[in-house]
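Dear colleague,

Please find the structure below, together with an account of what was found in it. I would be grateful if you read the account with the structure open beside you.

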Amino acid sequence: MSPAAVFGIQLALGYVPWLLLFGAYALPRLRLMDKAEAQRAIATLHSFRFFGLVFIVPGVVGQHLPEGFATSAAYGDFATGVLAMLALMTFQLRPLFWLFVVAFNIVGTADLFINYYNGTRFGLPEAAGELAATYWIPILFVPALMITHVIAFYLMLRTRPETDRVLAGGARS
């Protein structure tokens with residue numbers, strides 16, 4: 001089996017355990033939480049995206065990692081991580097908190113779609129070995145990021161039934 005086929009299979013299958021985990025455990029809990037607290041939990045996960053800068057560190061990734069993918073992925077992740085951190089730091093200032101929550105989710109989702117596009121455009125599946133020590137990021141971490149962006153938008157846009165509010169202790173955002 002070619003490295004590109006292995007990478008594609010692993011990339012797709014990376015979503016399965018995360019969807020099962022989030023469906024069974026995280027989403028039911030997040031739905032019951034205060035909206036701001038739920039977004040705070042999601043922002044905490046995304047605050048680690050500063051780590052994406054590793055895609056441009058020589059010696060950690062291979063010399064032939066497609067630059068068009070690496071640079072975009074690195075800085076998109078970095079920007080998303082900083083915005084998520086700003087959301088966390090402004091939690092007590094709700095208007096700013098919500099601004100940063102919306103911002104990190106829009107920037108982060110766009111970043112992931114751009115990375116999928118650039119990965120395909122610049123031949124990442126064929127050069128997957130050039131990810132070297134970062135190979136696990138698109139396989140294990142990116143699916144969790146994409147799923148939590150979808151959940152974040154879902155939670156922002158949904159209205160909570162009164163029974164959910166009562167079960168969550170009546171908390172309001």
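Arg49 is buried, as its relative accessible area is 1%. Please keep in mind that this is a predicted model.

Which residues are linked with Arg49 in a network of salt bridges? The network consists of Arg49, Asp77 and Asp111. In the salt bridge between Arg49 and Asp77, the closest N and O atoms are 2.9 Å apart. This pair links distant parts of the chain, with Arg49 in the loop between α3 and α4 and Asp77 in helix α4, 28 residues apart. Asp77 counts as buried, at 7% relative accessibility.

The side chains of Asp111 and Arg49 also meet in a salt bridge, at 2.7 Å from N to O. Because Asp111 lies in helix α5 (residues 94-121) and Arg49 in the loop between α3 and α4, this pair ties together parts that are 62 residues apart in sequence. Asp111 is buried, as is Arg49.

**Thr80**

Thr80 is located in helix α4 (residues 67-89) and touches residues that include Arg49 and Asp111. With 0% relative accessibility, Thr80 counts as buried. Its side chain reaches the backbone oxygen of Gly76 at 2.9 Å.

**Arg40 and Glu37**

The whole structure holds three salt bridges. One of them joins the side chains of Arg40 and Glu37, at 3.5 Å from N to O. These two residues are three apart in helix α3 (residues 35-46), so about one helical turn separates them. Arg40 counts as partly exposed at 31% relative accessibility, and Glu37 counts as partly exposed at 30%.

Yours sincerely

Notes: Residues are numbered from 1 along each chain as its sequence is written. This is a predicted model: local features need pLDDT of at least 70, side-chain atom pairs count only at pLDDT 80 or more; totals for chains, interfaces and linings use all residues. Side-chain values use heavy atoms; hydrogens and water are left out. Helices (H or I, at least four residues) and strands (E, at least two) are DSSP runs, numbered from the N terminus. Buried means under 20% relative accessible area, exposed over 50%, partly exposed in between (1.4 Å probe, protein chains only). A polar contact is a pair of N or O atoms within 3.5 Å; within protein, one must be able to donate a hydrogen and the other to accept it, and residues adjacent in sequence count only if both atoms are side-chain atoms. Contact means heavy atoms within 4.5 Å. A salt bridge is a side-chain nitrogen of Lys or Arg within 4 Å of a carboxyl oxygen of Asp or Glu. Lists of a residue's contacts leave out its neighbours within four places in sequence.
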